[in-house]
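Here are my notes on this model, point by point. Please read them with the structure open.

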Amino acid sequence: MSKNILPDLLSSWEETYKKGQLTLWIFLALKDGQKYVDEIKEFIETKSKNTINCEEQSLYRNLRKYQHIDVVSFENKKGNKGPDRKYYFLTKMGNELLEKFIDRNIKLFFSTEINNLLKK
């Protein structure tokens, strides 16, 4: 394999990875507390050290999907200026879903066996 394609392969892998991680990042943002869409976007970009950028439309689309399955809800609150804003939060089931996902998929990276592999 030519090293010339390595940057393209890495970019392709990262793009796929980032799309798959959006749900996790949205849930982490809401675990941190109620947020409106701009705050969710800022949280994701800041906490991911700008490795994950998301369009507001993607966030709205995902949030509607999560509302439909009752893992996210919202309440209207006064905005600084203008109309009320929707502040999103995880429901009880959303919190349980996130915790189970973390237990099954994230904590595994902290195991001694995986940690040793990462250090090789």
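1. One cut-off first: buried means under 20% relative accessible area, exposed means over 50%, and partly exposed is in between. By that scale F74, with a relative accessible area of 27%, is partly exposed. Keep in mind that this is a predicted model.

2. Aromatic pairs come next. A pair of aromatic rings is described by the distance of the centres and the angle of the planes. The search of the whole structure gives 3 such pairs. In one of them, the ring centres of Y36 and Y87 are 5.3 Å apart and the planes stand at 75°, so this pair is edge-to-face. Y36 sits in the loop between α1 (6-31) and α2 (37-47), while Y87 belongs to strand β2 (residues 85-90), so the pair ties together parts 51 residues apart in sequence. Y36 is buried, at 16% relative accessible area. Y87 is buried as well, at 14%.

3. F74 and Y88 also form an aromatic pair. Their centres are 5.9 Å apart, with 55° between the planes, and the pair is tilted. F74 lies in strand β1 (residues 72-77) and Y88 in strand β2, so the pair links distant parts of the chain, 14 residues apart. Which label does Y88 get, buried or exposed? Y88 is buried, because its relative accessible area is 3%, under the 20% limit.

4. Two charges deserve a look. The charged end of R85 sits over the ring of Y36, at 3.9 Å from the ring centre. The charged end of K86 sits over the ring of F74, at 4.5 Å from the centre. Y36 therefore has both an aromatic partner, Y87, and a charge over its ring. F74 likewise pairs with Y88 and has the charged end of K86 over its ring.

5. Check the backbone between α2 and α3. Most residues other than glycine have a negative phi. K49 has a positive phi, near 55°. It is placed in the loop between α2 and α3 (56-68). K49 is exposed, with a relative accessible area of 69%. N50 is not a glycine either, yet its phi is positive, about 60°. N50 is in the loop between α2 and α3. N50 is exposed, at 55% relative accessible area.

6. Last, the surface. L108, F109, F110 and L118 make a nonpolar patch of about 460 Å². F109 is found in the loop between α4 (92-106) and α5 (112-119). Its relative accessible area is 46%, so F109 is partly exposed.

Conventions:
Residues are numbered from 1 along each chain as its sequence is written. This is a predicted model: local features need pLDDT of at least 70, side-chain atom pairs count only at pLDDT 80 or more; totals for chains, interfaces and linings use all residues. Side-chain values use heavy atoms; hydrogens and water are left out. Patches are made of residues with over 30% relative accessible area and no salt bridge: like charges are joined within 9 Å, nonpolar side chains (Val, Leu, Ile, Met, Phe, Trp, Tyr) within 5 Å. Accessible areas come from the Shrake-Rupley method with a 1.4 Å probe; for residues, only the protein chains shown count as cover. A salt bridge is a side-chain nitrogen of Lys or Arg within 4 Å of a carboxyl oxygen of Asp or Glu. Helices (H or I, at least four residues) and strands (E, at least two) are DSSP runs, numbered from the N terminus. Buried means under 20% relative accessible area, exposed over 50%, partly exposed in between (1.4 Å probe, protein chains only). Rings of Phe, Tyr and Trp (its six-membered ring) pair if their centres lie within 6.5 Å; planes under 30 degrees apart count as stacked, over 60 as edge-to-face and the rest as tilted. A charge sits over a ring if NZ of Lys or CZ of Arg is within 6 Å of the ring centre and within 35 degrees of the ring normal.
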